[in-house]
Every structure is written in C-alpha cells, then in structure tokens.
Amino acid sequence: MRNITPVTWNWKQFVLPVVIFLAAVCALGSYFTVSAGNVAVKLRFGKIVGAYSEGLHFKLPLIDSIEKFSVRIRKDSFNTEAFSKDLQTVGLTLAINHRILPDTIESIYRNLGPEYTSTVLKPMVEEWTKAVIAKYSADSLISNRVQVAKELDEILKSKMAEKQVIVSDIAITNFEFSPQFLKAVEEKQIAEQEAKRATNLVEKVKKEAEQKILQAEAEAKSLRLQREVVSDNLIKLRQVEAQLKAIEKWDGRMPTYMAGDQMPLVMAK
C-alpha cells in the first residue's frame with residue numbers, strides 16, 4: 001500500500017508577504033504631496049481636520065482623504081442669455097478670471113464646495129448679467145460693450161468677494177442677436193446712410209445757391225457804384241473826347257448840315 005505524506009501548511013509563507021504588502025501600502029499612503037500653486041484640505045470621515053499648503057504632509061492611510069484646490073488664477077467662459085431693454089433676446093459669452101486665497105480654503109470647501117465655479121459663480125454671472133443687460137437697448141449694447149463689462153465686473157467682484165472668491169477680470173467676448181434684429185439694424189444703417197447723403201446733397205445745393213446770391217449781390221453792388229461815379233462832368237468829358245476824335249478825322253470841308261443843337265466847328269487860320 002502506497003504511503004501518502006500529509007501536506008503541512010506553513011502560514012508564514014502566506015501571511016508574511018501580505019503583511020509586508022500592507023505595510024508598504026500604509027507607508028506609501030501615509031503621505032501626500034501638495035504641488036506649487038495648490039492647497040489641500042484633509043478630511044477624516046468627512047470632517048475637515050486641516051488645511052495644507054504646498055509640500056509633503058502626513059495622513060492616516062485608508063482613513064484620511066485629501067481634496068486639493070488650485071489657488072492660481074482660473075479662466076472660465078460662460079454662455080448665457082438675457083433680455084435687453086427693448087425685449088430683444090441677447091446671447092453673451094463672458095470670460096471671467098478668478099481665484100481663491102490659500103487661507104480661505106477651509107471656508108471655501110465648507111461653504112461652497114470643490115465645484116464652486118458651477119454651483120456659485122455661474123448662477124451669479126447669469127443673474128447679474130440679466131440685470132445689467134436689461135438696462136440697455138439691443139442696438140446700444142455693442143457701442144456700450146466696455147461699459148456693460150465694467151458694470152458686471154464691479155457687481156461680480158463685490159458679490160463673489162462676499163463668498164471669498166476673488167474675481168480679477170471680466171470680458172464680454174461675444175454678443176449674439178436674432179436674425180430679425182440683425183436685419184432691422186442693417187436696414188436702419190442703410191436708411192441712415194441714405195439720409196446722410198440726402199442731407200449732404202441739400203447742403204451742397206444750399207451752398208451753391210448762397211454763392212450765386214453773393215455773386216449776384218457783388219455784381220449789383222459793382223453796377224451801382226459805377227452808376228454813382230457817372231456825373232455831369234463825366235458826361236461832358238465824354239462829349240469833349242468825342243469832338244476831339246471828330247476833329248482828328250475832319251477832312252477840311254464844312255458840314256452841309258447840322259444835327260440837333262450842335263454848333264458848327266470853325267477852324268481858325
């Protein structure tokens with residue numbers, strides 16, 4: 001009969017590698033790193049137990065969890081719609097630069113949460129954009145673009161500062177209007193250009209008429225002055241000049257008749 005040797009189980013062969021593995025995991029999981037430009041909060045069973053700046057930090061493995069936040073300036077774009085003063089639908093794209101301060105990280109996490117951009121900032125942008133756009137007519141929004149952005153900037157800086165979020169800059173990168181409104185604006189611009197051309201033509205005709213009137217007045221004044229200069233002495237002078245010309249042309253014969261009250265010329269020898 002064949003003898004079967006019983007297999008002996010050596011627990012050390014299995015437990016020891018597991019213990020070593022768990023020890024390695026705990027050792028590696030006992031530290032966390034916060035990189036430059038970031039901060040972190042440490043949570044223990046969901047409760048904040050500390051805030052940390054950049055560097056290497058200790059935590060309890062499998063118990064503590066880490067939430068990290070960037071304190072660099074972030075740029076987010078938001079698309080929203082609002083109604084203008086004349087009830088036109090206006091689509092806007094806004095670019096907003098914002099950040100949080102390192103010493104407010106615990107309050108930010110507790111009051112706003114890690115997704116504060118979508119849960120707080122975006123609704124705030126939509127609310128106050130509607131309020132500001134409602135103050136302007138649709139056709140004045142483009143020309144007042146800088147003023148609209150300035151008003152939004154002042155409001156959102158103040159409102160978000162109350163939430164401990166720093167808004168550094170706001171820009172309106174795009175306006176969108178309905179096709180009907182854009183067509184109406186184009187027709188208005190064409191009408192204004194036609195009116196301007198007509199006004200310029202009227203002004204041109206008016207100036208030409210004024211020039212003709214001035215020219216006619218100048219000519220009339222000149223004729224009037226000429227008439228005023230003509231006197232009895234000038235008339236007599238002209239008569240003498242005519243007689244002198246007649247003498248120069250006389251051929252020595254006496255005229256056989258005299259016209260009117262003209263006196264005969266007597267040539268003295």
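Reader: Which residues does L156 touch, not counting residues up to four places away in sequence?
Author: Contact here means heavy atoms within 4.5 Å. By that rule, and leaving out neighbours up to four places away in sequence, L156 touches I96, M124, V125, W128, A161, V167 and I170.

Reader: What kind of model is this?
Author: Residues are numbered from 1 along each chain as its sequence is written, and side-chain values use heavy atoms, with hydrogens and water left out. Local features need pLDDT of at least 70, side-chain atom pairs count only at pLDDT 80 or more, and totals for chains, interfaces and linings use all residues, this being a predicted model.

Reader: Is L156 buried or exposed?
Author: Buried stands for under 20% relative accessible area, exposed for over 50%, and partly exposed for values in between (1.4 Å probe, protein chains only). Because its relative accessibility is 0%, L156 counts as buried.

Reader: Against which elements do the buried residues of α5 pack?
Author: Helices (H or I, at least four residues) and strands (E, at least two) are DSSP runs numbered from the N terminus. L156 lies in helix α5, whose buried residues are V148, A149, E151, L152, D153, L156 and M160. These pack against β7 (89–100), α3 (116–133), α4 (138–141) and β8 (165–177).

Reader: How far does helix α5 reach from its first C-alpha to its last?
Author: The expected span of a helix is 1.5 Å times one less than its number of residues. Helix α5 (residues 145–161) has 17 residues, with 24 Å expected, and its reach is close to that, at 24 Å.

Reader: Is D64 buried or exposed?
Author: D64 belongs to strand β5 (residues 64–70). Since its relative accessible area is 6%, D64 is buried.

Reader: Which residue's side chain does the side chain of D64 join in a polar contact?
Author: A polar contact is a pair of N or O atoms within 3.5 Å; within protein, one must be able to donate a hydrogen and the other to accept it, and residues adjacent in sequence count only if both atoms are side-chain atoms. The side chain of D64 also reaches the backbone nitrogen of L60 at 2.8 Å. The side-chain partner, at 2.6 Å, is R44.

Reader: Is L56 buried or exposed?
Author: L56 sits in strand β4 (residues 55–58). Because its relative accessibility is 60%, L56 counts as exposed.

Reader: What percentage of the residues of the protein count as buried?
Author: The protein has seven helices and eight strands. Of its 269 residues, the share that counts as buried is 25%.
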